[in-house]
Amino acid sequence: MPTLTYQLQEETYQLEFSDRVSIGRVEDNDLCVPNDSISSHHAVITRNGSSFHLADNGSRNGIIVDGKKVSALDLTDGTKFALGDVEFIFSSNSGPIETAPPSAASAETEAVSPDVAGLKLAHDKILAEIGKVIVGQREVLNQILVALFARGHCLLIGVPGLAKTLMVKTLGSAVDLDSRRIQFTPDLMPSDITGTDILEEDAATGKRVFRFHRGPVFANLLLADEINRTPPKTQAALLEAMQEQRVTVSGKTYELPSPFMVLATQNPIEQEGTYPLPEAQLDRFMFCIQLGYPTAAEEQQVILNTTRDVKAVVASGITAAEVLKFQQLVRQVPVSEHVALYAMNLIRATRPNSEGTPDFVNRWVRWGAGTRAGQYLLLAAKAHVLLQGRFSVACADVREYALPVLRHRIFPNFTAASESITTDHIVKKLLETVKEPQY
């Protein structure tokens, strides 16, 4: 089986593939390389009989071979080429690769590997730093960190006063990332998010030129506060940024920094003067996280802490380079066909009037989840097991994140509303109904 070998952040990675592999900087590629010098969808390798061909996919840097830029390249064993600043080595291996089930000893070795141990240590350190400010909400914080390391975005929904905004600000301090905040209001314009061209005069030459002034979206961690208070035109300014990690202004495309994460907040009870997020934008969020009220002990602690003249100092527990390294590590976690089949069965069961769909879904659901839900289920499970110090994904890990992944991708019909059936009810019933596939 052919392989691609490359280095990133002083770490060496290897990918095996069969017939086709797309390479780029965003997560919907077969090989995601989070480096700013690589375009979102940079190049594609395809098989033609027994040979392989590399073709540029409209990238800004092209393919570099021996210092020359080319648009296409035939690959042979040992071929070296560069995409941006990252060098790749192609290796062809016609012999079959036999893989035996991992033994308990090998699984234990993987679990205590330095990278996995480093990620778990960073996770615990970040939670400890955030805990200096945020009391409780451990499950919510875990879900946010899972989304961060899986290159996802989060929508936080909760009533006022549950520290949604403070939680995101504290996360920005605990992770050494450039953080920005946008307060979404009815008069907010798309250019207030992405940036705009401003006419400036060169003092030396007297010439006037348009210069692009970047908006707050050019950050690693973007807090979109009360995202449903701005009209759909402005909400749509985030669509390209969240999916492609870039923005287009006046016909020019500008790449966003890596890593990039959007954390949006929404108030579920005050709906006057709000604009519900369209389905296309909801689907861009990996998780929809519901924040509940704290316990009595936690609420008492919050009241005591916030009425004292004491300010907690949150130290940075991880750098942007380490986040990128851990995001790449998540992509390398193996998933068996058994677990992938279970994730697929879950999302297919959400679609009404399809083969094998449960009766209650046909009765209550208008539209079900798309394929992106299955991708996020596996990514969430991968990140989850690494944060637990493990390196193997089970069906139980998929079930762990079914609620935050599916609750905003299932749209109940009028019958469900009349019977007070929520999406959480439907997802929980699906988890009881859809059984793990037989080996």
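**Entry 1: strands.** Two strands pair if DSSP finds at least two bridges between them. Strands (E, at least two residues) and helices (H or I, at least four) are DSSP runs, numbered from the N terminus. The model is predicted, so to speak of local features I need pLDDT of at least 70, and side-chain atom pairs count only at pLDDT 80 or more, while totals for chains, interfaces and linings use all residues. Residues are numbered from 1 along each chain as its sequence is written, and side-chain values use heavy atoms, with hydrogens and water left out.

I then looked up β18 (residues 246–249) and β19 (residues 252–255). They run antiparallel and are joined by four bridges. Which residue of β19 does Arg246 face? Arg246 stands opposite Glu255. The hairpin has two residues between its strands, and Ser250 takes a positive phi near 55° there.

**Entry 2: salt bridges.** I counted a salt bridge where a side-chain nitrogen of Lys or Arg is within 4 Å of a carboxyl oxygen of Asp or Glu. Side chains of opposite charge can pair when their charged atoms come close. The structure holds 13 salt bridges.

I stayed with Arg246. Its side chain meets that of Glu240 in a salt bridge, 3.4 Å from N to O. For exposure I used relative accessible area: buried is under 20%, exposed over 50%, partly exposed in between (1.4 Å probe, protein chains only). Glu240 is partly exposed at 26%. Arg246 is partly exposed, also with 26%.

Next I took Glu436 and Arg399. Their closest N and O atoms are 2.9 Å apart, in a salt bridge. Glu436 lies in the segment after α17 (423–433) and Arg399 in helix α14 (residues 395–400), so the pair ties together parts 37 residues apart in sequence. Glu436 is partly exposed at 35%, and Arg399 is partly exposed at 29%.

Arg407 and Asp424 came next. Their salt bridge has its closest N and O atoms 3.0 Å apart. Arg407 sits in the loop between α15 (402–406) and β24 (411–412), and Asp424 in helix α17, so this pair ties together parts 17 residues apart in sequence. Is Arg407 buried or exposed? Arg407 counts as buried, at 12% relative accessibility.

I also noted a network of salt bridges that links Asp283, Arg372 and Arg409.

**Entry 3: cavity and pocket.** The search used a 1 Å grid over the protein atoms alone. A cavity is a set of points where a 1.4 Å probe fits but cannot get out; a pocket is an open set with protein on both sides within 12 Å along at least five of seven lines. Lining residues have an atom within 4 Å of a point. Points join across faces, edges and corners, and a volume is the space filled by probe spheres set on them.

I found one cavity of 30 Å³ or more in the whole structure. The largest cavity has a volume of about 170 Å³. It is lined by 16 residues, and Glu27, Arg151, Met242, Gln245 and Phe260 are the closest to its centre. Helix α7 (239–244) gives the largest share of this lining, three residues.

The second largest pocket holds about 570 Å³. Its lining has 20 residues, with Val133, Leu166, Val302, Asn305 and Thr306 nearest the centre. Helix α9 (residues 296–306) gives the most to that lining, four residues.
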